[in-house]
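Dear colleague,

I am passing on a structure that you have not worked with before, and my notes on it follow below. Please read them alongside the sequence and the model.

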Amino acid sequence: MSDFTVLRADAMLTPGGVVTPAELEFDSGGSITYVGPPRADSSVTHDLAGHALMPGLVNGHTHSAMTLQRGVSDDDDFMTWLGKVQDVEQRLTHDDLVAGLELALLEMIETGTVAFADMYYWDEELIERVRASGMRVFAGLACSATDHVAYPTVSPITGAEVLDETERLAAKYREDPLVRVGFAPHAPYTCTPEFLREVRERAIASGIPIHTHVSESAAEVAQLTEQYGKTPGEHLDSLEFFDANVHAAHCVHLTENEIVTFARTGTSVSHNPVSNLKLGNGVAPLPEMIASGVRLAMGTDSVASNNSLDLFEELKHATILHRGARQDAGAVLAPSTLHIATQGGAEAIGFPLSGALEVGKFADVIAVDLGVTTFAPLQATALVSHLVFGATGRDVAHVFIGGRHVYADGKHLTLDAAAVRARATEVRARLTA
Ligand SMILES: [Zn+2]
């Protein structure tokens, strides 16, 4: 058996442009060894005629186990929604988290996502479930205060112990190419300055990254302005929080000064347009963040505020939303959002070898079915346009992560899809009984 795997397709999206027709080769270690036009002497492993290859999508912000809460609060304002969601979280068991996480893995894989940044309860068993699925995770252990227990029926550990646990897990998985572990203090309006200072100090000392929420709603900005006389970003900056490696979700209400601070400190932002729209939180200043050089990722947030994990939806929304809001068709361009949802996100959440089809990078590659009606009339050179404005996650036919084939012709190779869906439905019935 050959040590190399060769994919042939009608088209391929590379950093240098669209290649048509195309070939991609990776070695047994899952690293890309060739991208370009088909070579005469290749022995083709997967003939993906009728498909286009592109880098797998990267979800910059989610709470994966919250798939269990899909549709529990669809028409509430943000703070009411948060109250309902946290009420359900008081009753979650560890088995429930497994069920919710696996449902999320299922949905992410079948819609072409290969890596995700998460903030929730995490431990070895849950991380191992992700590893078994083949996906890459930046797992942030959620916490909000030194003495607070976030998931009482899952684990009795307090926020202080969560920080210790984060350091232990980060050390354990330090060399694992699929796993990155981070601190995840919930937000500046739910964490005290003292707690945020402790997280910052630990993060700088250990090199462990931080995943948090910043300026998601106007209510948050009003609360912090009243409490500290500062906006959320100014408040965090005054704590020198951004000296650590920080990944901030939402950032809907960033001021010009905050954008400058984020760009200067290398703080990355996950733009989550659908969640921001659904919860009525507003429109983040994406064009300004792009122009200022802020490191950007694209995220779905949890399905409790989305209600899907399909990043193709975010791609289209992120591209057209600002055009409509500003009456400017040039406000955000398709190649820019596609970059954010792939390479930009991969770099932002700590998987710099994912996100692009080029030699030396991970073979994190998905094949999109070009035979669907929304791609007709087909023009391979218009691939970026088809992918951003026309594609949905349902068009994804194959997913390879680090060369591992995890999804083939609509079938999961690492998860029992029917069992995962049935289990989640059972758990949901109990949680809402
Ligand atoms: Zn969130």
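Cys-143 counts as buried, because its relative accessibility is 4% (buried means under 20% relative accessible area, with a 1.4 Å probe and protein chains only). This is a predicted model, in which local features need pLDDT of at least 70 and side-chain atom pairs count only at pLDDT 80 or more, while totals for chains, interfaces and linings use all residues. Residues are numbered from 1 along each chain as its sequence is written, and side-chain values use heavy atoms, leaving out hydrogens and water.

Cys-143 is in no disulfide (a pair of cysteine sulfur atoms within 2.5 Å), and its nearest cysteine sulfur, that of Cys-191, is 6.4 Å away. Cys-251 is likewise in no disulfide, with the sulfur of Cys-191 as its nearest at 15 Å, and the structure as a whole holds zero disulfides.

In helix 4 (a DSSP run of H or I, at least four residues), the buried residues are Gly-159, Val-162, Leu-163, Glu-165, Thr-166, Leu-169 and Ala-170. They lie on the same side of helix 4, because they cover an arc of only 165° around the axis, taken from the directions from the helix axis to the C-beta atoms.

Key
Buried means under 20% relative accessible area, exposed over 50%, partly exposed in between (1.4 Å probe, protein chains only). Helices (H or I, at least four residues) and strands (E, at least two) are DSSP runs, numbered from the N terminus.
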